Amino acid sequence: MSHSQKRSKSIHLHQLRKAFALKPLAVGVAGIMLSACGGSREQSNIYVTPEDCQQDNPEATGQCLAAYESALQEHNRTAPKFNSQNDCEYEFGNDRCQYVQNSSGSFFMPFMAGYMVSQLLQPRPYYSQPLYTSFSPYSPFRSRWVTSNGYVFDGDIRRRSYNAPSSVFEKKPTVNRTIKRGGFGSSVRAKSSWGSSGSKSKGWGG
């Protein structure tokens, strides 16, 4: 692993710990419910860091780290992207966004707040997806878990176990364009339930 990769990993772990150590949790937030209509479901758990996963699964430390790295790769590929820090923080909260510059340009994107894992201890390959939350007072998913394409889970971020639809783990398109203030929140509001016509949206891919 290169020095830059190690530094990037260290920054992400620091931000994850900082977010949950310093930010208050909202309790009893009413809003959008994740409710699938048919389809298979996967017993899934949410972790904030690889260490959280390893503590629950000491016999699978390697899988925990690999699942985190996989989720982080998906985060870099599929997270919503914004032209300005203000637009990003309006959706996700103060100090919840990072500046990124790469071959396709520069933008701001939210930090990955956690990752959902399924089938970690099964002989079949595990599934892993990045998750986000918001501390913004303007957000419809404040203190809720939400996927990169705008689906929000019921309960607040203290809930770490779900019988999640397998569609949660479907591959999402690479995000190549930025969105404006309120765009992500509008998508969350539109996707009020799994199985609705909005659930077939391809997200932010460009």
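Predicted model: local features only at pLDDT ≥ 70, side-chain atom pairs only at ≥ 80, totals over all residues.
Residues count from 1 along each chain as its sequence is written, and side-chain values use heavy atoms, with hydrogens and water left out. Local features need pLDDT of at least 70 and side-chain atom pairs count only at pLDDT 80 or more, while totals for chains, interfaces and linings use all residues.

Rings of Phe, Tyr and Trp (its six-membered ring) pair if their centres lie within 6.5 Å; planes under 30 degrees apart are stacked, over 60 edge-to-face, and the rest tilted. That rule gives 11 aromatic pairs.

| Pair | Centre to centre | Angle between planes |
|---|---|---|
| Phe82 and Phe92 | 6.2 Å | 80° |
| Phe92 and Phe141 | 5.4 Å | 65° |

Phe82 sits in the loop between α3 (61-78) and α4 (85-92) and Phe92 in helix α4, so their pair ties together parts 10 residues apart in sequence. Phe141 lies in the loop between β5 (127-131) and β6 (161-165), so its pair with Phe92 in helix α4 links parts 49 residues apart in sequence. Helices (H or I, at least four residues) and strands (E, at least two) are DSSP runs, numbered from the N terminus.

Phe82, Phe92, Tyr132, Phe141 and Phe184 form one aromatic cluster.

As for pLDDT (the predictor's confidence in each residue, from 0 to 100), the chain mean is 78.
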